[in-house]
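Have the structure open as you read.

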Amino acid sequence: MRALVRIPELTTAVHQEAATGGCEMLRIDEVTNSESFPDRCDVAVIGGGIVGVSTAYELARRGVQVVLLEKGVIGGEQSGRNWGWVRQQNRDLYELPLAMQSLRRWEELSGELGEDIGFRRTGILYGTELQSDVAQWESWIARAREIGFNSEILSARELAARIPSGRARWAGGLWSVTDGRAEPSKAAPAIARGAQRLGAKVFQNCAVRSLDMSAGRVGGIWTERGRLAADTVVLAGGAWSALFCQHHGIDLPAINVIGTALRTAEAPAVVEGCFSGPDFALRRRLDGGYTIAVPGYGRVELAPQNLRHSVKFRTMFRSKLKKKLKVRVGASFFHGPEANATWRDDDISPFERTRVLDPRVDSEWLERGLRNVARVFPELSSLRIAHAWAGAIDTTPDLVPIISKVDAKPGLVIASGFSGHGFGLGPGAGLLASRLVMDEAPQFDMGPYRLTRFSDGTKLNSPEMM
């Protein structure tokens, strides 16, 4: 079965006209709610995206009594709307150990779950017409090897041999044979079902309104179904995490970047897996079409939360990203994850008013992506768009996620701010969050992921959209 989430419908060719205003459905594999809402649990996980379901799964594997709560449907927001890339290559070096751990879990999950989550190690290929990109890749590879990861620089001729139909003035390429892809419509739901089989309880259309504090530490949560006692709470709310934190006086600096993507109808095969070319990203889908997007381009809406955190994002907006992000006034000023953080525990919260966040598509990025693909692959010049959608990407000032305990709220763990990398990092992040819950030593330095880096005077790295 599939859960249905509304997205705008586009069924035009490359030189498309404006959307007609009709609606189609984003189809996400369905998860059935558990029975009998409990009074208490060991751990409550807020958010049914890839990070939340992975955390619940890892805890359930350990015999922990875990309850997963999602205000809408499992995988209905960014975890079901991303590109489907599962990569280590070109990660921020702080993220690379987590990405490597996550790739191992993706492969293991494919066997553990007994379901096809679409994961394939088909490799990820980058191609560029700029020698400066090749130089940047060479520098990155030298540092990545110190961490234990290897990719391969390709000459222009070697790259052309891998994509013989490509028409570009290649300067070179980058290839990782161990990277892969998965299907966003399948992955989070399958992991949630796996957690249920291990004893976790899963409840959709059940918003968490607030933490319940007792004697200075977390004692549970207040949901729209009432109170749920819990020893620990993991917040994996994606685009909604900062609003939830603000409600409790926790400063989680994040803005939501609205990204647009599309999937095509069945089309000729030019790549087997994922390819990043000049201003486009392409993934071959299991259904024979492609998922296409323009990397780094998006929209930021002016809203109270974004304005409050604007100082921390100055470096980002002054960097090369400023040419890729549009800043607009939108509906989020009045409602949604960036709006007012004041509500009562016994009243309807913003999480119930917007069950599934469904931002407006930017047609400009659709047109640009298709045009860029057609320039490199002429046989794809007649691509037909089956669906187009937008999603909210919770983004931190340094583009590195937050996976951290919260000193001011003992018993709370945050796993959020994945800055567009959450799908690929999700299984590894869930494993890492579960180890924080269990007070186990992580396998690598957690310093780069701590929440306090934004307030303790740490000099943050200049962000790059990689």
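Which residues form one aromatic cluster? Trp83, Trp85, Tyr126 and Trp137 do. Keep in mind that this is a predicted model.

## Aromatic pairs

Searching the whole structure turns up 16 aromatic pairs. Take Trp106 and Phe119: their rings are stacked, at 5.9 Å centre to centre with 20 degrees between the planes. That angle falls under the 30 degrees used for stacking, so the pair gets the label stacked. Trp106 belongs to helix α2 (residues 96-112), while Phe119 sits in the loop between α2 and β6 (124-128), so by position the two are 13 residues apart and the pair links distant parts of the chain. Buried or exposed, what are Trp106 and Phe119? Both are buried.

Now for an edge-to-face case: Phe275 and Phe377, with centres 5.8 Å apart and 70 degrees between the planes. Here too the pair links distant parts of the chain, with 102 residues separating the partners. Phe275 is in strand β15 (residues 274-277), and Phe377 is in the loop between α10 (363-376) and β20 (385-395). Phe275 is buried, and Phe377 is as well.

## Charges over rings

Where does the charged end of Arg162 sit? You'll find it over the ring of Trp175, 4.5 Å from the ring's centre.

Technical notes. Residues numbered from 1 in each chain as written. Predicted model: local features only at pLDDT ≥ 70, side-chain atom pairs only at ≥ 80, totals over all residues. Heavy atoms only, no water. Phe/Tyr/Trp six-rings, centres within 6.5 Å; stacked < 30°, edge-to-face > 60°. Helix = DSSP H or I, 4+ residues; strand = E, 2+ residues; numbered from the N terminus. Buried < 20%, exposed > 50% of the residue type's maximum accessible area, 1.4 Å probe, protein only. Lys NZ or Arg CZ within 6 Å of the ring centre and 35° of its normal.
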